[in-house]
Amino acid sequence: MGRRPRLFVVSGPAGVGKGTLVSRVREMRPLLGLPVSATTRAPRPGEIDGVSYHFLSDAEFDERIRRGDFLEWARVHDHRYGTLKSEVDACLKRGESVILEIDMQGGANVVRHYPDTVRIFIEPPSWEVLVQRLKDRGTESEESLAIRLNTAQEELKHASSYDVRIVNDNLDAAVQELELTLEKYETE
Ligand code: 5GP
């Protein structure tokens, strides 16, 4: 059966484990493209410029918008984040499927550019588990935690509009489900 590279958007509330899921699938599939996003937020300890994100100043971000370099960009939690078109196109051209791990708003913009995007929503097993995971992560201030929980509540309301929903309860099972989803859409 033929296989074609596809564009997948993975969304879900902060703290649900999207990042871990996507990196586990990447380990299983080294040929998966993962374009590096740009952001105006400051790097967290351990994050590397050009690997975690392209960390840009406000002025640099404005300039890239003006040049039309973004496939989508959005303001999330007081900072701007965006996907560079050039990074996505380069992956697809090489025959690599792309997973974009972005918020809901950004995902909708991507679909406008690439209508056959597959939208995947990662859900927590329960609201209580999500709150606990976010607290355990320990990277957020009180204020930032409150903002993220607020956004999460909004995002969970839209889960039913996604092509695929995966509950991240058992990590191994969720990884396998995500992997099977990629497989299914690449070969359909
Ligand atoms: P964080 O600051 O925790 O790394 O990410 C905050 C939020 O920004 C997450 O919900 C993440 O999905 C979103 N995000 C990361 N990169 C992009 C991007 O390129 N575009 C958009 N729209 N959102 C992004």
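Visitor: Which residues in α5 meet which residues in α6?
Guide: Before we start, keep in mind that this is a predicted model. On the α5 side you'll find W127, L130, V131, L134, K135 and R137, and they meet L145, R148, L149, A152, Q153 and L156 in α6. By class, the residues of that contact are eight nonpolar, one polar and three charged.

Visitor: How do the axes of α5 and α6 cross, and at roughly what angle?
Guide: Helix α5 covers residues 127–137 and helix α6 covers residues 142–157; their axes come within 11 Å and cross at roughly 150°. That angle is over 145 degrees, so α5 is roughly antiparallel to α6.

Visitor: Is that crossing left-handed or right-handed?
Guide: Right-handed, as α5 passes α6.

Visitor: Switching topic: what volume does the largest pocket have?
Guide: About 1,200 Å³. It is lined by 40 residues, and the closest to its centre are K18, G19, Y53, E101 and R137.

Visitor: Which element gives the most to the lining?
Guide: That's α1, with five residues. Elements that supply at least two residues each include α1 (18–28), strands β4 (70–76), β5 (79–84) and β6 (98–101), and also α5 and α6.

Visitor: And how many of the lining residues are nonpolar, polar or charged?
Guide: The lining of the largest pocket has 17 nonpolar residues, 12 polar ones and 11 charged ones.

Visitor: Back to α1, then. Which residues does α1 use to meet α7?
Guide: α1 uses T20, L21, R24, V25 and M28. Their partners in α7 are L171, D172, A174, V175, L178, E179 and L182. This contact divides into eight nonpolar, one polar and three charged residues.

Visitor: At roughly what angle do the axes of α1 and α7 cross?
Guide: Roughly 65°, with the axes coming within 9 Å; α7 spans residues 171–187. α1 passes α7 in a right-handed crossing.

Technical notes: Residues numbered from 1 in each chain as written. Predicted model: local features only at pLDDT ≥ 70, side-chain atom pairs only at ≥ 80, totals over all residues. Heavy atoms only, no water. Axes fitted to C-alpha atoms, helices over the stretch in contact; angles between N-to-C directions. Helix = DSSP H or I, 4+ residues; strand = E, 2+ residues; numbered from the N terminus. Parallel < 35°, antiparallel > 145°, perpendicular 65-115°, else oblique. Left-handed = near helix turned anticlockwise from the far one by under 90°. Contact = heavy atoms within 4.5 Å. Nonpolar A, V, L, I, M, F, W, Y, C, P; charged D, E, K, R; others polar. 1 Å grid on protein atoms, 1.4 Å probe; cavity = no way out; pocket = protein on both sides within 12 Å on 5 of 7 lines; lining within 4 Å. Points joined across faces, edges and corners; volume = space filled by probe spheres on them.
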